[in-house]
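Let's take a walk through this structure together. Keep the sequence and the 3D view side by side as you read.

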Amino acid sequence: MTTTETSAGSTSETTPSGGAAVPVTGSLSPSRAGDFMTCPLLYRFRVIDKLPERPSPAAARGTLVHAVLERLYDLPTAGRTPDAARAMLDPEWERLLAAEPELAELFAGDAERDRWMEQAAAMVERYFTLEDPRRLEPAERELFVETVLDSGLKLRGYIDRVDVAPSGDVRIVDYKTGTAPRADFEARALFQMRFYALVLWRLRGRVPRLLQLMYLGNGEVLRYEPDEADLRATERKVEALWAAIRRAMDTGEWVPRTSRLCDWCDHQALCPKFGGTPPPLPAAPVDRPSPADLESAARSREDF
Ligand code: SF4
């Protein structure tokens, strides 16, 4: 895919098939799409207002476990053992701390940090009960993918792992460091996987054979075989979501929607459902981001 800048400053891209350039009218990742489905006001706080959020021990643990599982596959095949993976935890944590020193403030003391690290170690060890990394050679890890739909909406995101069988069949793998895939979380996770499958299908012209979610908190594995109809339905859903987001941008109506996820929301103090008042919207057009800029490509771990 090639990207060009138009004279008006907007971005246009050729389609994966080499078709005519499509002006990019917006951008969406599965995390942000999930935010809007969960609560439109949460989407506004994160994407439009760009309000900062506190790092959380659970999110940091997710980042750490993902980093270890990614680098595990740098080792020679025979060396991919539980002991080797466990030994990677401390160096990976030091690396994350060097990149984000504020993570050091997550813990009240060494004992709390040690407990947290033990939880991360348990997840890494549980991974080995689900599959044997000595028998696998991933085609891709932490793969950044993006594609532009015919409407001009850009879809983008990071895929934890892509496996390709000798037959050419593709498996998309995502590690989850939360616990049980309760119904609402499972729906969000499967939407995320279909989203990635849609992007890969458009990029490679082949529907992924299997979507595999590995829950490292409780050792469950969820597998799903998508088909073309699934992915076309996902495309329609994504387009409808984007239309709803654009309406909210035009009207300034970002409706708060309460759920159990409010317990983890950093923005309760600004939320009308909790007695707060949102800040004024950034002024348009000077301070307001253009639709194509609304979505940061930064790797996020909200869906840990
Ligand atoms: S507290 Fe709940 S309703 Fe309010 S913005 Fe956060 S997620 Fe939405």
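How many C-beta neighbours does Arg 156 have inside 10 Å, and is Arg 156 buried, partly exposed or exposed? Arg 156 has 19 of them, so Arg 156 counts as partly exposed. The cut-offs are simple: a residue is buried with 20 or more other C-beta atoms within 10 Å of its own, exposed with 12 or fewer, and partly exposed in between, with the C-beta atoms placed from the backbone.

A word on what you're looking at: this is a predicted model, where local features need pLDDT of at least 70 and side-chain atom pairs count only at pLDDT 80 or more, while totals for chains, interfaces and linings use all residues. Residue numbers start from 1 along each chain as its sequence is written.

Now for the overview. The protein chain has 8 helices and 9 strands; these are DSSP runs numbered from the N terminus, with helices being H or I of at least four residues and strands E of at least two. Of its 304 residues, 30% count as buried. Take the contacts between residues at least 6 apart in sequence, and 68% of them join residues at least 24 apart. Two residues are in contact here if their C-beta atoms, placed from the backbone, lie within 7 Å.

Back to Arg 156, which you'll find in strand β6 (residues 153–164). Arg 156 and Tyr 196 are 40 residues apart in sequence, yet their C-alpha atoms are 8.2 Å apart in space. Follow Tyr 196 next: setting aside neighbours within four places in sequence, Tyr 196 is in contact with Val 145, Gly 157, Ile 159 and Ile 172.

Val 145 sits in strand β5. With 18 C-beta neighbours inside 10 Å, Val 145 counts as partly exposed. Beyond four places in sequence, Val 145 touches several residues, including Arg 156, Val 199 and Leu 200. Leu 203 is another of its contacts, and the C-alpha atoms of this pair, 58 residues apart along the chain, are separated by 8.5 Å.

Tyr 196 also leads us to the largest nonpolar core, which has 55 residues. Such a core is a set of buried Ala, Val, Leu, Ile, Met, Phe, Trp, Tyr and Cys residues joined through C-beta atoms within 7 Å. Val 65, Val 68, Leu 155, Ile 172, Tyr 196 and Ala 197 have the most contacts inside it. Helix α7 (residues 183–204) gives the largest share of this core, 9 residues. At least three residues come from each of domain 1 (19–48 + 138–276) and domain 2 (57–134), with the bounds taken from an automatic or database domain assignment.

Let's look at two helices. α3 has 16 residues and reaches 22 Å from its first C-alpha to its last, close to the 22 Å expected at 1.5 Å a residue; the expected span is 1.5 Å times one less than the number of residues. Its buried residues include Ala 59, Val 65, Val 68 and Leu 72, and the buried residues of α3 pack against α4 (82–87), α5 (89–99), α6 (110–130), β6 and β7 (170–176). Helix α8 (residues 228–251) has 24 residues and reaches 35 Å, close to the 34 Å expected. Its buried residues are Leu 231, Thr 234, Glu 235, Val 238, Trp 242 and Ile 245. An α-helix has 3.6 residues a turn, so residues three or four places apart point the same way. After α8 comes Gly 252, whose phi is positive, near 75 degrees.

Most residues other than glycine have a negative phi. Lys 50 has a positive one, near 50 degrees; Lys 50 lies in the loop between α2 (40–48) and α3 (57–72) and is exposed, with 11 other C-beta atoms within 10 Å. Glu 142, in strand β5 (residues 140–148), has a positive phi too, near 45 degrees.

Finally, find the ligand. It is surrounded by 14 residues, and the closest are Cys 39, Pro 256, Cys 262, Cys 265 and Cys 271; being near means having a C-beta atom, placed from the backbone, within 6 Å. This shell divides into 9 nonpolar, 3 polar and 2 charged residues. Here Ala, Val, Leu, Ile, Met, Phe, Trp, Tyr, Cys and Pro count as nonpolar, Asp, Glu, Lys and Arg as charged, and the others, Gly among them, as polar. Thr 38, in helix α1 (residues 30–38), is 224 residues along the chain from Cys 262, with their C-alpha atoms separated by 9.6 Å.
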